[in-house]
Amino acid sequence: MRREEKIGEDKQKKKMGWKEEIASVQNNTSRSSLDLVFNNIRDEGARAIAEALMHNTTLPGLGLGSNKVGAEGACALAEALKHNTALTVLCLGNNNISNELESEIDQLVKNNRSALVKECLLNDE
């Protein structure tokens, strides 16, 4: 991607809120990642992402660190990962998720031949 295209894409992303970002992923087959780190999406956003993951079969990377996601949102993500085999990187660091639930999600992501990355930032390349 050329630098000018990246700048234009970044400006467009800033105009979108996290709800619009999530909605745009549901049927988008060309996106390489969704970075929602530090967006305060909480369980509501995690449930919306889980719903999108049930329909998106191509998104390989998802950054959800530092979003105050709790057990309810994490359970929704875990359920979605039982149906989604495309996600290969899931960043969930610094949320309100128990170690047991985090381990369950980690195993589901590993089933997609990947690993849970506790703290990272994803950037579209």
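This is a predicted model: local features need pLDDT of at least 70, side-chain atom pairs count only at pLDDT 80 or more; totals for chains, interfaces and linings use all residues.
**Overall layout**

The protein chain has five helices and four strands. Going along the sequence, they come in the order α-α-β-α-β-α-β-α-β. Of its 125 residues, 43% count as buried. If you look at contacts between residues at least 6 apart in sequence, 81% of them join residues at least 24 apart.

**Helix 2 and its buried side**

Helix 2 spans residues 18-25, and W18, E21, I22 and V25 in that helix are buried. Why do these four sit on the same side of helix 2? They cover an arc of only 95 degrees around the axis, and that puts them on one and the same side. The background here is simple helix geometry: with 3.6 residues a turn in an α-helix, residues three or four places apart point the same way.

What does the side chain of E21 pair up with? The partner is R31: a polar contact of 2.8 Å joins the two side chains.

**Helix 2 against helix 3**

Helix 3 covers residues 42-55, and helix 2 packs against it at an angle of about 15 degrees, the axes being 8 Å apart. Angles under 35 degrees count as roughly parallel, and helix 2 and helix 3 are therefore roughly parallel to each other. As for handedness, helix 2 passes helix 3 in a right-handed crossing.

On the helix 2 side, the residues that meet helix 3 are W18, K19 and I22. Their counterparts in helix 3 are E44, G45, A48, I49 and A52.

Is G73 buried or exposed? Its relative accessible area is 0%, so G73 is buried. Leaving aside residues up to four places away in sequence, G73 touches D43 and A46. There is also R42, which lies 31 residues from G73 along the chain, with 7.2 Å between the two C-alpha atoms.

Here are the two relative accessibilities side by side:

| Residue | Relative accessibility |
|---|---|
| G73 | 0% |

Note on methods
Residues are numbered from 1 along each chain as its sequence is written. Side-chain values use heavy atoms; hydrogens and water are left out. Buried means under 20% relative accessible area, exposed over 50%, partly exposed in between (1.4 Å probe, protein chains only). Helices (H or I, at least four residues) and strands (E, at least two) are DSSP runs, numbered from the N terminus. The arc is that of the directions from the helix axis to the C-beta atoms. Contact means heavy atoms within 4.5 Å. A polar contact is a pair of N or O atoms within 3.5 Å; within protein, one must be able to donate a hydrogen and the other to accept it, and residues adjacent in sequence count only if both atoms are side-chain atoms. Axes are lines fitted to C-alpha atoms, for helices over the stretch in contact, and angles run from 0 to 180 degrees between N-to-C directions. Angles under 35 degrees count as roughly parallel, over 145 as roughly antiparallel, 65 to 115 as roughly perpendicular and the rest as oblique. A crossing is left-handed if the near helix is turned anticlockwise from the far one by less than a right angle, and right-handed if clockwise.
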